[in-house]
Amino acid sequence: MDLPEELRIRPARKPGQEPTSTLTLDAYNRLKAELSDLTMVGRERIGARLKAAREHGDIRENAEYDAAKNEQGLMEARIRTLNHMLRDPEIVEAPVYSETVGPGMLVTIRPLDEDEPDDEVYLLASHAEERAPDARTVTTSSPLGSALIGAAVDDEVAYEAPGGRFRYVVVEFQPHTG
């Protein structure tokens with residue numbers, strides 16, 4: 001795998017030190033671009049909104065200023081999250097062909113308890129930040145993700161959630177190549 005220079009030259013982890021996240025190279029690059037956009041363009045945009053809101057007068061009763069401050073807080077929390085995830089990630093390769101479902105695969109499932117079911121496509125990912133076009137992301141630690149791991153085509157999977165018990169049949173799966 002051709003890693004970016006910042007990942008190639010990083011020091012080795014100390015014994016017992018865990019990676020800050022597990023990502024594919026595609027997700028790493030996407031999150032790095034998001035972080036760059038938030039720290040450059042996002043902060044500049046929020047600063048301009050705050051300045052404009054302050055010009056409207058008393059900030060104690062200024063809904064526009066409050067909204068901008070809330071957005072700033074959410075953005076800064078996202079920046080902290082991204083910084084942590086990208087500090088020392090474990091970069092994993094997309095899976096190759098397999099006879100059973102595993103992390104990094106696009107899985108098409110069909111609900112068994114509906115009269116006219118529509119197929120649903122999920123990316124089974126190790127981390128919630130992974131994305132695939134036209135697919136929802138489900139993590140391996142979620143109830144549905146746990147049920148899908150190790151399943152094969154035509155297998156029935158079921159899981160319990162606060163909304164009840166859900167049953168699906170695996171229609172197809174394939175590696176997500178990013």
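Modeller: What follows starts with helix H2 (25-54), moves to the core it belongs to, and ends with the parts of the chain beyond that core.

This is a predicted model, in which local features need pLDDT of at least 70 and side-chain atom pairs count only at pLDDT 80 or more, while totals for chains, interfaces and linings use all residues. Residues are numbered from 1 along each chain as its sequence is written, and side-chain values use heavy atoms, with hydrogens and water left out.

Helices (H or I, at least four residues) and strands (E, at least two) are DSSP runs, numbered from the N terminus. H2 has 30 residues, which at 1.5 Å a residue should span 44 Å; the end C-alpha atoms of H2 are 42 Å apart, which agrees. The expected span is 1.5 Å times one less than the number of residues.

The buried residues of H2 are Leu25, Ala27, Tyr28, Leu31, Leu35, Leu38, Gly42, Ile46, Leu50 and Ala53. Buried means under 20% relative accessible area, exposed over 50%, and partly exposed in between (1.4 Å probe, protein chains only). An α-helix has 3.6 residues a turn, so residues three or four places apart point the same way. The cover over the buried residues of H2 includes H1, S1, H3 and strand S2 (90-92).

The largest nonpolar core has 20 residues, and Leu23, Tyr28, Leu31, Leu86 and Ile91 have the most contacts inside it. Such a core is a set of buried Ala, Val, Leu, Ile, Met, Phe, Trp, Tyr and Cys residues joined through side-chain atoms within 4.5 Å. H2 and helix H3 (63-87) are the elements that give two or more residues to this core, and H2 gives the most, with nine.

Leu86 shows how the pieces meet. Beyond its neighbours within four places in sequence, Leu86 is in contact (heavy atoms within 4.5 Å) with Thr20, Leu23, Tyr28, Leu31, Lys32 and Leu35.

Thr20 lies in the loop between helix H1 (5-8) and strand S1 (22-24). Residues up to four places away in sequence aside, Thr20 touches His84, Met85, Leu86, Arg87, Asp88 and Pro89. The side chain of Thr20 reaches two backbone oxygens, that of Met85 at 2.9 Å and that of His84 at 3.1 Å.

Glu129 comes to this region from the loop between strand S4 (120-125) and strand S5 (136-139). Glu129 is buried, with a relative accessible area of 11%. With residues up to four places away in sequence not counted, Glu129 touches Arg30, Leu31, Arg78 and Met85. The side chains of Glu129 and Arg78 are joined by a polar contact of 2.9 Å; a polar contact is a pair of N or O atoms within 3.5 Å, where within protein one must be able to donate a hydrogen and the other to accept it, and residues adjacent in sequence count only if both atoms are side-chain atoms.

A second, separate core has 16 residues, including Tyr122, Leu124, Ala147 and Tyr159. As for strand pairing, strand S3 (residues 105-111) and strand S7 (residues 164-175) run antiparallel and are joined by seven bridges; two strands pair if DSSP finds at least two bridges between them.
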